[in-house]
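This briefing is meant to be read beside the sequence and the coordinates.

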Amino acid sequence: MRLTVVMAVLAMTATAVRAEEDALADAMARNPERFEARAIDLIAGFGGPDGLRIDGIETHIALERAGARASSLRRFLAMDLDADGTITRDELAVTQRAASAAGRGRMERQFAAADADGNAKVDPAELAASGAAAALAALGEAEAGLLRAMLRLDTNGDGALTGAEVSAAVARLDQAT
Ligand SMILES: [Ca+2]
Ligand SMILES: [Ca+2]
């Protein structure tokens with residue numbers, strides 16, 4: 001019984017690793033130049049002197065998500081006229097009157113999406129959930145998995161990915177096709 005569970009977990013892990021490898025291979029094959037440019041930008045932005053490590057990739061993911069979360073929260077907080085942490089439909093209506101027609105529609109959609117229990121208020125928990133959803137929409141798990149999988153191109157195995165390693169991997173791809 002226990003062995004079956006262990007084997008099932010191992011099979012799941014192997015599947016996840018294969019999915020990451022496939023996503024990496026797909027991204028490289030689809031547009032090698034774009035992949036290379038993106039990887040090199042990431043290395044320049046978040047790498048250390050010896051290259052890009054997993055903590056640099058995680059920092060990039062966290063910053064992208066935090067930026068999207070902050071934008072989403074900011075839009076809602078600008079509607080919280082009495083600053084009690086909850087946005088009511090009345091507050092939404094007042095804010096909408098001062099907005100453009102397109103802005104009114106967008107606010108309506110955002111409010112409805114955030115008001116998960118449909119009680120005409122976006123409370124702090126719903127606000128937090130809405131921010132988390134915006135963060136994941138900006139950089140989803142598949143995209144995060146692809147970024148982490150870039151470390152598979154660390155061919156000298158020192159845990160840091162360099163631009164030379166990325167360029168060599170893209171060149172190998174060119175030869176193979
Ligand atoms: Ca309020
Ligand atoms: Ca609600």
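Predicted model: local features only at pLDDT ≥ 70, side-chain atom pairs only at ≥ 80, totals over all residues.

**Helix packing and burial**

Helix 3 passes helix 6 in a right-handed crossing.

**Helix 3 and helix 6**

- The axes of helix 3, which spans residues 54–77, and helix 6, which spans residues 124–138, come within 7 Å and cross at roughly 140°, and this angle makes helix 3 oblique to helix 6.
- On the side of helix 3, the residues that take part in the contact are E64, R65, A68, R69, S72, L73 and F76, while helix 6 contributes L127, S130, G131, A132, A134, A135, A137 and A138.

- Helix 2, made up of the 15 residues 32–46, reaches 21 Å from its first C-alpha to its last, which is close to the 21 Å expected at 1.5 Å a residue.
- Within helix 2, the residues F35, A39 and I43 are buried, and because they cover an arc of only 65° around the axis, they are on the same side of helix 2.
- The face of helix 2 turned away from that buried side carries the exposed residues E33, R34, A37, D41, A44 and G45.
- The axes of helix 2 and helix 8, the latter covering residues 163–176, come within 9 Å and cross at roughly 170°, which makes helix 2 roughly antiparallel to helix 8.

**Helix 4 and its surroundings**

- In helix 4, which runs over residues 89–97, the buried residues are E91, L92 and T95; seen down the axis of helix 4, they fall within an arc of 100°, so they line one face of the helix.
- The face of helix 4 turned away from its buried side carries D90, V94 and R97, which are exposed.
- The elements that cover the buried residues of helix 4 include strand 1, at residues 87–88, and helix 5, at residues 101–114.

**I87 in strand 1**

- I87 has its place in strand 1, and it counts as buried because it has 29 C-beta neighbours inside 10 Å, where 20 or more are needed.
- The C-alpha atoms of I87 and R30 are separated by 44 Å, the two residues being 57 residues apart along the chain.

**Positive phi outside glycine**

- A83, in the loop between helix 3 and strand 1, has a positive phi of about 55° although it is not a glycine; A83 is exposed, with 7 other C-beta atoms within 10 Å.
- A120, found in the loop between helix 5 and strand 2, the latter at residues 121–122, has a positive phi of about 65°, again without being a glycine; A120 is partly exposed, with 13 other C-beta atoms within 10 Å.

Terms used:
Residues numbered from 1 in each chain as written. Chains lettered and ligands numbered in written order. Helix = DSSP H or I, 4+ residues; strand = E, 2+ residues; numbered from the N terminus. Expected span 1.5 Å × (residues − 1). Buried ≥ 20, exposed ≤ 12 C-beta atoms within 10 Å, placed from the backbone. Arc of directions from axis to C-beta. Axes fitted to C-alpha atoms, helices over the stretch in contact; angles between N-to-C directions. Parallel < 35°, antiparallel > 145°, perpendicular 65-115°, else oblique. Left-handed = near helix turned anticlockwise from the far one by under 90°. Contact = placed C-beta atoms within 7 Å.
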